[in-house]
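Work through the exercises below with the model open. Each task is followed by a stepwise solution.

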Amino acid sequence: MSVASMNTISARAFFKGAVVPTQSKPRAAVVAKAARAAGETPAAPATPPPAPKFCLGMAGSSAPFEKFDPLDFLGGKSANQIKLYRESELTHGRVAMLGVVGFAVGENFNPLFNGSITGPGINHFQQLPDGFWTIILFAIGLAEGYRLTYGWSSPTSGLWTLREGYAPGDLGFDPLGLKPTNAKDLMERQTRELNNGRLAMIALAGIIGQELATGEKALAF
């Protein structure tokens, strides 16, 4: 018998009794099987965190400009910074709404100070009697002081920080009880206020620009 024949017979005999390893199962299946064998319940796979809501889920995003932030003001901002933006937007919107009403009324009906205040609304403040500015500034200071102490944290806790749990713009002022009691109606009411405030800011800028350019009343009826 040749050496080659002997090698062939030996190789066949070896592989005939040998156990050829099969492909291993995925690691997750092996771990699950081992856990079941030990009487344990395999841990459920971790679920990814929910995507962050636009503007922290606050009111103001409405058609046709839903999630409108073309300059990415909200990108990378903390929750406190986003709430500060909303606080500023609400404050300026409310002042603008009052301003538009003030222009419309003041330029058409102004019985105060014996009718001495006349002309375009942009010139009315300059015609006020001496000392009246002090009353106006004092009233503004009281309003701003109340807003700061109601919704803002102490400067010792950090500058430009709102109180925990404070909703931007909610100063507790609702003498007529108009605030809805359910979340859906409240969101709709807040969105209306924001949209009217935004429109008023644009309108007030247009009124002031027109009166500066023409020197005439913009809202004379």
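The expected span of a helix is 1.5 Å times one less than its number of residues. The structure is a predicted model.

**Exercise 1.** State how the reach of helix α4 compares with its expected span.

Solution. 
- Step 1. Helix α4 covers residues 132-151, which is 20 residues.

**Exercise 2.** Find the buried residues of α4 and say where they lie around the axis.

Solution. 
- Step 1. Apply the cut-off: buried means under 20% relative accessible area.
- Step 2. Ile136, Arg147 and Gly151 are the buried residues of α4.
- Step 3. They cover an arc of only 5° around the axis, so they sit on the same side of α4.
- Step 4. The buried residues of α4 pack against α3 (79-106).
- Step 5. Turn to the face away from the buried side: it carries the exposed residues Thr134, Ile135, Phe138, Leu142 and Thr149.

**Exercise 3.** Describe the second largest pocket: its volume, its lining and the helices that supply it.

Solution. 
- Step 1. The volume is about 670 Å³.
- Step 2. The lining has 26 residues, with Gly60, Phe68, Arg86, Glu89 and Arg198 nearest the centre.
- Step 3. By class, the lining splits into 16 nonpolar, four polar and six charged residues.
- Step 4. α3 and α5 (183-214) each supply at least two lining residues.

**Exercise 4.** Summarise the whole protein by secondary structure and burial.

Solution. 
- Step 1. The protein has five helices and zero strands.
- Step 2. Of its 221 residues, 19% are buried.

Notes
Residues numbered from 1 in each chain as written. Predicted model: local features only at pLDDT ≥ 70, side-chain atom pairs only at ≥ 80, totals over all residues. Heavy atoms only, no water. Helix = DSSP H or I, 4+ residues; strand = E, 2+ residues; numbered from the N terminus. Buried < 20%, exposed > 50% of the residue type's maximum accessible area, 1.4 Å probe, protein only. Arc of directions from axis to C-beta. Contact = heavy atoms within 4.5 Å. 1 Å grid on protein atoms, 1.4 Å probe; cavity = no way out; pocket = protein on both sides within 12 Å on 5 of 7 lines; lining within 4 Å. Points joined across faces, edges and corners; volume = space filled by probe spheres on them. Nonpolar A, V, L, I, M, F, W, Y, C, P; charged D, E, K, R; others polar.
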